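Reader: I would like a close look at one helix, and then at the parts around the rest of the chain that can be described in the same terms. Please keep it plain.

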Amino acid sequence: MTSLDQDSQKSAARVGLTSDTLRIHGGKPLRGRIEVRGAKNLVTKAMVAALLGDSPSTLKGVPEISDVHVVKGLLEAHGVRVDASEPGVLQLDPTNVVSAHFAEINAHAGSSRIPILFCGPLLHQLGEAFIPDLGGCKIGDRPIDFHLDALRALGATVEKLDDGIHLTAPNGLTGAHIELPFPSVGATEQVLLSAVRARGTTELKNAAIEPEIMDLIAILQKMGAIISVEPNRVIVIEGVEKLRGYLHTAIFDRNEAASWAAAALATGGDITVGGAEQQELMTFLNVYRKVGGEFDVLEDGIRFWHPGGPLAPVQIETDVHPGFMTDWQQPMVVALTQADGVSVVHETVYENRFGFTDALNEMGAHIVVHKDGIASITRRVPRRKLEQAAVVTGPTPLHAADVRVPDLRGGFSHLIAALAADGSSTISNVGIIARGYELFLDKLAQLGAEYEVVAPSA
Ligand code: UD1
């Protein structure tokens, strides 16, 4: 069994899935309404932020996804009391934080990259932190050099061990001038979570400004932090000695919303995504409209549908916010297989995020991945070495196939493709999808999808 299979099974078990293989009977439009709750990319970080307070925090809008269970386990291993008194609400009490055993941290961390964000809070609380080797989706190298460089700049000593890293800061952290080589989401969060309680002021240049980061800053401000977001990706953090707990409702999951929107388009369906908001999806909505999808912004969500007739091909460049997010690319590619002509998707954030297209080609799509990108004079962002491009020629009818989920967003795109395809497909490792898509089987049922959970073989 590979580590991906193990991650999938653990992830499935965490959210109560009895098997991580599905049989999908496709070719039927998805129709109906589902709800999205708090964003995976905020909730997990907000849970870590609770570690910085000297009193309990309450987080609302928490989705039932396995990454939340991973962070809960990690927090509990460090002595944080985590209570879920009602669905979607977590109480996090950090008043008795202790060091955790390496093996215990490792046991929880396997499938997530969140442990790296424990560095700053643990350094403030305990003067040291053990961080195991990181998992997360296998999309490129996903190094942590920006994180470690930032922590060193703030005064931490980093020691590499065989199975992780050990950080110390016996004299506490001190404010610094830091410039990120790329506006990394994780590294920006690392600096925020480490600098809020450092001595003095930190100036972070080339920071990421994703909506989930703004929500994290709002949480930290509620806790007593002084953080200003200045023009041109500069964030200034004036360190404070103490922070208190927070009460916060997480921003909605714009990646989940975009995924269901793409599912509506790819299956010729009509899905209302309750809880989705326009502002955080504006770039996605523009592309959706150019492809030929329709949407209506409602008071409590957004309705997405395929209005009939041919879809149009588009050129997309993934980018940092406010650009077209890399996590939207995979589900949209499935819809683009049904567009009338040639679409080009440039991936500029990760170096290996088109692996999922092999399975789509097996299902009848015509997608050619250019591993070194494609030169174009109309490029909006400067070329990065790692960039790749996928050329999607459509429309191609999709047919059923047996596929194995490679990563979170790629996996959801396989699910959409199987739902759009004629015939019955088997999808294994769907536990990976449970890392970030809340109750996706229930939602599929609500939308009229036909599927069976395949019983695990003995
Ligand atoms: C987060 C999101 C993920 C999203 C991504 C980009 C979470 C849990 N995940 O991932 O859904 O796709 O932002 O919006 O919030 N890099 C380095 N060195 C580092 C850190 C990053 O080279 O130390 C590179 C990465 O390899 C990648 C790029 O920077 O090429 C962007 O990564 P980053 O923004 O850090 O993504 P994550 O925070 O891991």
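What should the 13 residues of helix α13 (residues 408-420) span at 1.5 Å a residue, and how far apart are its end C-alpha atoms?

Author: The model is a predicted one, in which local features need pLDDT of at least 70 and side-chain atom pairs count only at pLDDT 80 or more, while totals for chains, interfaces and linings use all residues. Residues are numbered from 1 along each chain as its sequence is written, and side-chain values use heavy atoms, with hydrogens and water left out.

Helix α13 should span 18 Å at 1.5 Å a residue, and its end C-alpha atoms are 19 Å apart, which agrees. The expected span is 1.5 Å times one less than the number of residues. Helices (H or I, at least four residues) and strands (E, at least two) are DSSP runs, numbered from the N terminus. Twelve of the 13 residues of α13 are buried, where buried means under 20% relative accessible area, exposed over 50%, and partly exposed in between (1.4 Å probe, protein chains only). Among the buried residues are R409, F412, H414 and L419.

Next, an open sheet. Four strands make it up in the order β2-β14-β16-β15, with mixed pairing. Strands β2 (31-35) and β15 (294-298) stand at its edges with a single partner strand each, so one side of each has no neighbour in the sheet. On average, neighbouring strands of this sheet are turned by 15 degrees against each other, direction ignored. Two strands count as paired if DSSP finds at least two bridges between them. Strands β14 (residues 270-274) and β16 (residues 301-305) run antiparallel and are joined by five bridges; V273 stands opposite I302 in β16. Helix α9 (residues 254-266) lies across β2, β14 and β16 and runs at about 170 degrees to β14. Helix α10 (residues 282-291) also packs on the sheet, where α10 touches β15 and β16, and its direction makes about 25 degrees with that of β16. Contact here means heavy atoms within 4.5 Å. Axes are lines fitted to C-alpha atoms, for helices over the stretch in contact, and angles run from 0 to 180 degrees between N-to-C directions.

Strand β10 has partners of its own. In β10 (residues 201-205), T202 and L204 form a covered face, and T201, E203 and K205 an uncovered one. In a regular strand the side chains alternate between the two faces of the sheet. Strand β9 (residues 177-179) runs parallel to β10, with three bridges between them, and H177 stands opposite E203 in β10. From β9 the chain passes through helix α7 (residues 185-195) to β10, a β-α-β crossover that is right-handed. A crossover is right-handed if, with the strands pointing away from the viewer, the path from the first strand over the helix to the second runs clockwise. With strand β12 (residues 234-238), β10 pairs in the antiparallel sense over four bridges, and T201 stands opposite E238 in β12.

Most residues other than glycine have a negative phi, and most peptide bonds are trans. N206, in the loop between β10 and α8 (211-223), has a positive phi of about 60 degrees although it is not a glycine; at 23% relative accessibility, N206 counts as partly exposed. N429 lies in the loop between β22 (424-428) and α14 (440-446), and its phi is near 65 degrees, again a positive value in a residue other than glycine. At 4% relative accessibility, N429 counts as buried. The peptide bond from H321 to P322 is cis, with omega near 10 degrees, and P322 is found in the loop between β17 (315-317) and α11 (326-336). The bond from G394 to P395 is cis too, with omega near 0 degrees; P395 lies in the loop between β20 (388-394) and β21 (402-404).
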